[in-house]
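Me: Could you go through the salt bridges and the surface of this model with me?
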Amino acid sequence: SEDQEEIQEAVRTCSRLFGALLERGELFVGQLPSEEMVMTGSRGAARKYKVWMRHRYHSCGNRLGELLGHPSFQVKELALSALMKFVQLEGAHPLEKSKWEGNYLFPRELFKLVVGGLLSPEEDQSLLLSQFREYLDYDDTRYHTMQAAVEAVARVTGQHPEVPPAFWNNTFTLLSAVSLPRQEPTVSSFYVKRTELWDTWKVAHLKEHRKAFQTMWLSFLKHKLPLSLYKKVLLITHDAILPQLAQPTLMIDFLTRACDLGGALSLLALNGLFILIHKHNLEYPDFYRKLYGLLDPSVFHVKYRARFFHLADLFLSSSHLPAYLVAAFAKRLARLALTAPPEALLMVLPFICNLLRRHPACRVLVHRPHGPELDADPYDPGEKDPAQSRALESSLWELQALQRHYHPEVSKAASVINQALSVPEVSIAPLLELTAYEIFERDLKKKGSEPVPLEFIPAQGLLGRPGELCAQHFTLS
Amino acid sequence: MGKAKKVGARRKTSGAPAGARGGPAKANSNPFEVKVNRQKFQILGRKTRHDVGLPGVSRARALRKRTQTLLKEYKERDKSNVFRDKRFGEYNSSMSPEEKMMKRFALEQQRHHEKKSIYNLNEDEELTHYGQSLADIEKHNDIVDSDSDAEDRGALSAELTAAHFGGGGGLLHEKTQQEDEEQGKAKSRKELIEELIAKSKQEKRERQAQREDALELTEKLDQDWKEIQTLLSHKTPKSENRDKKEKPKAERLRRMLGKDEDENVKKPKHISADDLNDGFVLDKDDRRLLSYKDGKMNVEEDGQEEQSKEASDPESNEEEGDSSGREDTEESDSPDSHSDLESNVESEEENEKPAKEQRQTPGRGPTSGKGRAGKAAGDELPYTFAAPESYEELRSLLLGRSMEEQLLVVERIQKCNHPSLAEGNKAKLEKLFGFLLEYVGDLATDDPPDLRVIDKLVVHLYNLCQMFPESASDAVKFVLRDAMHEMEEMIETKGRATLPGLDVLIYLKITRLLFPTSDFWHPVVTPALVCLSQLLTKCPVLSLQDVVKGLFVCCLFLEYVALSQRFIPELINFLLGILYIATPNKASQGSTLVHPFRALGKNSELLVVSDREDVATWQQSSLSLRWASGLRAPTSTEANHIRLSCLAVGLALLKHCVPMYGSLPSFHAIMGPLRALLTDHLADCSHPQELQELCQSTLTEMESQKQLCRPLTCEKSKPVPLKLFTPRLVKVLEFGRKQGSSKEEQERKRLIHKHKREFKGAVREIRKDNQFLARMQLSEIMERDAERKRKVKQLFNSLATQEGEWKALKRKKFKK
C-alpha cells in the first residue's frame with residue numbers, strides 16, 4: 001500500500017506477531033521444505049502451520065528488507081528496528097538445529113538482508129546507517145556486519161559494471177562506523193542473548209575480529225573509488241584503520257595508488273605510508289622523492305597547508321636523514337618561498353631554519369666561509385630526484401632576498417640566518433594555522449612608542465604627483 | 001633658636017678643636033689644659049680621633065658662642081622690632097668694595113628711573129658729581145631723545161657712571177694715572193666730564209639713526225619679497241628649503257631601515273647622548289607646533305611653510321630620481337587654479353587669495369572662468385558651518401552641491417572650527433577626518449564614482465592628518481579593518497573573495513598619501529601592506545574589471561615600496577598571472593602559476609586578443625579608474641583595447657620591477673617563470689609593435705642583470721667568555737660592626753647609628769643650653785637682688801641720717 005501510516009502500522013503488527021511466534025517457538029526449525037510440498041504432504045497440521053508460518057516469516061523479512069529502501073525515513077527506521085528485533089529473537093531461538101553442543105548459531109541470512117538493504121546502490125542511507133551504528137557496539141553484530149559487508153561489496157561490484165557512488169558512500173559510512181575495541185574485552189557483549197559462552201566461538205576473539213576487519217577494508221579498497229572517497233578514507237587511515245589491521249602492510253597497494261593521485265591525496269597517502277615505514281618496518285625507497293615532488297608553488301596557497309607542513313615537519317624530523325636530502329628540501333622550500341604570501345613565509349622560514357638546526361651538515365647552505373664565487377645557482381629546480389639536485393653545493397640566497405621582504409616580521413625571520421643559528425628549534429606549531437587576517441589584526445593592535453610618523457610631502461591629488469606609477473598608468477576620467 | 005641650628009653650631013665647635021689640634025694646642029702647650037684619653041688596647045688600622053682633647057678651650061669656645069647667639073636671643077626675647085641692615089651686599093664678603101658700589105649705584109638708578117621716567121619723558125637720569133647735580137654745573141642745549149633705552153644706559157653705566165661717581169666710593173681703576181693727578185684741579189675735571197658726556201650723546205644718536213635705517217630697509221625688503229613670493233610660487237630658492245626637507249628625509253631613511261625599532265625596544269626611553277644625535281624628539285615637537293600649538297601666528301607660518309614645501313616638490317621629484325620633468329609640474333597646476341587655493345586652506349590671509357588667483361589665471365581662459373564660477377557659488381554659501389556631529393550631517397551638507405561648493409564647505413568647516421578658536425574644536429575636526437574618509441568611500445562606490453571630488457578632498461584629508469596624526473591613523477585603521485573583515489568573511493563562507501570595490505582601493509591609495517610607506521614598521525602602513533597582499537593572493541581574477549583593479553593594486557604596491565625597494569612575491573605572482581592570461585593556452589602550457597590564477601579554465605585567456613583589426617587600431621593610453629568600478633558593456637573593440645592597455649601596464653610594471661629587484665641575490669630565480677613566459681609570448685608576434693618593444697626591452701634588461709652568487713656566510717658570533725669566579729667584594733664601612741648583610745641594610749644601620757649619635761649630641765647641647773640659660777637667669781637674679789639690697793641699704797642709710805638729724809634737732813630743742 002502507499003499510505004505511510006498504514007505501512008508503519010503493518011510493520012509494527014508484523015514485528016509484534018512474528019516476535020511472539022518466535023518466542024513461542026511456533027516457527028518451523030531446521031531445513032525449510034518448500035511450501036507446496038508440505039501443504040500437499042500428509043504431515044500433521046501443526047507442522048503444516050509451522051512451515052507455513054515460517055514461510056510467511058521469511059517473506060515478511062524480505063518485505064522488510066525492501067522497505068529499507070522506502071523513501072520515508074520513518075518507515076525505514078521502523079523496518080530496521082523490526083528486522084533487528086527479528087535478528088535478536090531468532091538468534092535466541094535459532095531456526096536451525098544446532099549440530100553439536102555449543103554450536104554458534106546466528107541468523108546470517110536475515111542479517112545479510114539487513115546489511116544488503118543498508119548498502120543500497122541507489123540512495124544515500126547515511127541517516128539510517130547512523131541509526132544502525134548503535135548495533136555495532138555489540139560484538140556479534142559487528143562481526144557479522146563485517147562479513148556481510150564483504151559479501152555485499154562483492155555482490156554489487158559483480159552485478160554492476162559501473163558502481164554508483166551512492167553505494168561507495170554508504171559502504172564507507174558503514175565501514176568507518178566499525179571500530180574495534182583496543183584490547184580484548186573481558187566480557188563480550190552480545191546483541192543476541194546467550195545463556196553460555198563458548199571459547200571456540202570466533203565471535204568472542206578480537207583476533208578474528210581483526211581479520212574480518214582487514215578483509216572488509218581490503219575488499220573495499222581494492223576497487224577503484226571516487227576521488228572524494230579516497231580523501232575520506234585517507235583521512236581516517238592513520239588513526240582508525242591502520243592500527244586495527246592484522247597486517248597493516250597490506251595497505252601499501254592502496255596507499256601507493258593514492259600517492260600517485262597528486263595534491264592533498266598524495267600527502268595523506270604519504271602520511272599513511274610514513275606510519276607503515278615508521279611503525280611496521282615497511283621499505284619504501286621513493287618516499288622522500290614523492291614528498292619532494294609534492295613541493296610546488298601552490299603548496300602555500302592550498303587549504304591543507306597547515307596539515308602539509310605539520311606532516312612535512314614530522315617526516316623530516318629524523319636526524320638520520322642524509323644531508324643531501326635535507327639540503328634539497330631546504331633549498332626547494334626556499335625557492336618556493338619566493339612566491340609565498342607573508343602568512344606562509346612566517347611559517348616556512350622557521351621551518352627551513354629548523355631543518356638546518358637539525359642537520360648541522362646542511363649549515364653550509366647558510367655558512368660557507370671560503371666557498372668559490374659562482375656564476376649561477378648550482379641547484380637544479382627541475383630535477384625530480386633530491387639526490388641529483390645539487391642542493392648542497394648551493395646557498396640559500398632566497399632567504400637573503402627575503403630579507404628585503406616588505407613585511408617587517410618576514411624580514412626579521414629571514415634575517416635569522418645572518419647570525420649563527422641558535423641551538424633550540426623554534427616550534428612551528430603555533431605558526432601553522434596563521435592566516436593573513438591574524439597578521440593584519442596583530443599589526444593593527446601593535447602600538448608604536450612614538451607618535452605616528454606622517455608623510456611630509458603634501459598630497460596634491462588622488463593619484464599623487466605626476467611622476468608616480470599610479471599617475472603614469474591610471475587616469476581618473 | 002632651633003635645634004638644628006644648635007646642632008650645626010655644635011658640629012662646628014666640635015670639629016674645630018679636632019682640626020686645630022695640630023696648631024693652637026702646640027702653640028700654647030699648657031699641659032694642664034690637655035686631656036689625654038687613655039686607650040686600653042692598641043688596635044691596628046683604627047684611626048683614633050679623640051685621644052687628646054682640650055676641654056678648657058672647647059668649653060670656652062662653646063660659652064662664647066652661646067653668649068653671642070643664645071644670650072642675645074634671650075635678651076631680645078620680648079622685643080618685636082629688629083634692626084636690619086639692608087645695604088646691598090654689606091655682609092657679602094665675596095664682593096669687592098668696588099663691585100658693591102657699582103651695584104648699589106645701579107640699584108639706585110633703577111629705583112630712580114622707575115619712579116619718574118614713566119611720565120617724565122623728556123628727562124634723562126640726573127647725573128651728579130660729588131653729590132651735586134651736573135645740570136647745575138653745565139648747560140647743554142641738545143635734547144636727549146626719550147627712547148634711548150636700557151641697552152644704551154647699560155653702555156653708559158659701564159663707562160661713564162663709574163667715572164661720574166668716582167667720588168661715591170670705589171674710585172675708577174680704569175682711569176689712568178693722569179686723571180688721578182688732575183683730580184686736584186676742579187676746573188679741568190669739569191671740562192673732561194663735559195667732553196665725555198658730549199661724546200656719549202653723539203654715539204647714541206648715531207646708533208639710533210643706524211637702527212632706523214636698518215628697520216626701514218628690512219620693511220622694504222619684506223614687501224618686495226611678498227610680491228615676488230606670490231609670483232614665483234614654485235621657484236623659491238632651493239637652499240632655503242633644503243635643510244627643511246633634509247631632516248624628514250633622513251628620518252624616513254632611518255625608519256625605513258628599521259634600526260630604531262630594535263634599539264628602542266632594547267633601551268626604552270634612555271635619555272642619553274644618543275638622543276641628541278638623531279634629533280628625533282625635536283622633530284616630533286616640530287610637527288606639533290606646526291599644526292596646532294598656538295594661535296594665529298603659528299597657523300600663518302604653517303600655511304607658508306606648506307606653500308614653500310609644495311613649491312619645492314618638483315625638485316624633490318627630481319631628487320628622488322623620478323622621471324618627471326618641468327612640463328609635468330606645469331600640468332600639476334594646470335587642471336584648475338584651485339590647487340593652490342586649497343593648499344592655503346590653513347592660511348588666514350583671505351584677502352591674498354583673490355589677488356593670487358588673478359595673478360595666476362591670465363592665459364587660461366576656461367579654467368579661470370570656472371574658478372570664478374566656483375567663487376561666485378562660494379559667495380552664496382553661508383560663511384560659517386558647524387562641524388558635523390555625524391556622518392549623515394556631513395553628507396547632507398555636501399550632497400547635491402557642485403565640486404567647488406563641496407570643497408568650499410569642507411574648507412569653511414575647517415576654518416570655522418580651527419582648534420585655536422575654541423576648546424572642543426580639536427575633537428570636532430578629528431571626527432571630521434573620519435567622516436570625510438567615509439564620504440570619500442561613498443563617493444567611490446557611487447555609480448559613476450565621483451573621482452574628481454575625491455581627488456580634491458585628498459588634500460583636505462592630508463591637512464587634517466597633519467594636524468591630528470593619532471586620530472587620523474585610527475580612522476584609516478578602522479576603514480582598513482572593515483575592508484579586511486569583509487574579505488575574511490567572504491573567504492570563510494565562500495572559500496574565495498572577490499576584489500573589493502573601488503572604495504577600498506582608494507582608501508589604500510589615501511593611506512599611501514598620508515603616511516610614509518617606506519618605514520620598516522608603521523602602525524598604519526604595515527597592515528595596509530598585508531591588506532594589499534591579500535587582495536593579490538586571495539581574489540581570483542574573473543573579469544576584465546578585476547584585471548584593472550588588480551593592476552591598480554600592483555601599482556599601489558610598487559608605490560608603497562618605491563623608496564624602500566622591498567621585495568613583494570605576490571606582485572611577481574600577479575604579474576606572471578597577467579602575462580599568462582594574455583597568452584593563448586597552447587603557448588603557455590607548462591609554466592607554474594600560483595594561487596589566484598588557474599592554468600586552465602574559462603578565465604585563463606582573459607587578456608588574449610584575437611581580432612587583428614583591434615590590435616592594429618590600439619593606441620597606448622592609461623587605464624581609467626572608472627573601469628574598475630563598473631565596466632558597462634563596452635563594445636568588443638573597446639574591450640580589446642582595454643585588454644591591450646592592461647597588458648601594457650602589466651609589462652610596464654614588470655619593467656619597473658626589474659631594475660628594482662636586480663640587486664636581489666636570487667633575482668633570476670624570481671624572474672625565471674616570467675622570463676620564460678615573455679620569450680614564449682614574443683614568439684607569437686600577434687601583439688602591437690609597442691608591446692613587443694616593451695617585451696623585448698624588459699627581456700634584455702632582465703638578462704643584463706648580473707647575478708651575484710657569493711656563498712652565504714654568517715656573521716661571526718662573539719666567543720662565549722669563560723666563566724670567571726671573581727671574589728666577592730664586601731665594602732667594610734665600619735670596623736667592629738656586623739658585615740654580612742646587604743648593602744642597603746648596612747646603609748640603613750649606618751644611618752640609624754648616625755642618627756642616634758646626632759640625637760644624643762643634640763640632647764646634650766640642649767641641656768647645656770638650658771644650663772647656660774639658667775646660669776644667666778641666676779646671675780641676673782643675683783644682680784637684681786644685689787641691686788635691691790644696695791638700694792634698700794641706701795634708703796635705710798638716708799632714713800637713718802634723717803632720723804639722726806631729726807633727733808639731733810629734737811635734742812637741740814630740748815636742750816634749749
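Reply: What follows covers conventions, charged pairs and a surface patch. This is a predicted model, in which local features need pLDDT of at least 70, side-chain atom pairs count only at pLDDT 80 or more, and totals for chains, interfaces and linings use all residues. Residues are numbered from 1 along each chain as its sequence is written, chains are lettered from A and ligands numbered from 1 in the order in which they are written, and side-chain values use heavy atoms, with hydrogens and water left out.

Me: Which residue meets B:R750 in a salt bridge?
Reply: The partner of B:R750 is B:E747, at 3.0 Å from N to O, and because the two are three residues apart in helix α35 (residues 743-815) of chain B, about one helical turn separates them. Helices here are DSSP runs (H or I, at least four residues), numbered from the N terminus.

Me: Which residues are linked in a network of salt bridges?
Reply: That network links A:K331, A:R335 and A:E398.

Me: Switching topic, where is B:V36 placed?
Reply: B:V36 is in strand β1 (residues 35-36) of chain B, strands being DSSP E runs of at least two residues, and B:V36 counts as exposed because its relative accessibility is 56%.

Terms used. Buried means under 20% relative accessible area, exposed over 50%, partly exposed in between (1.4 Å probe, protein chains only). A salt bridge is a side-chain nitrogen of Lys or Arg within 4 Å of a carboxyl oxygen of Asp or Glu.
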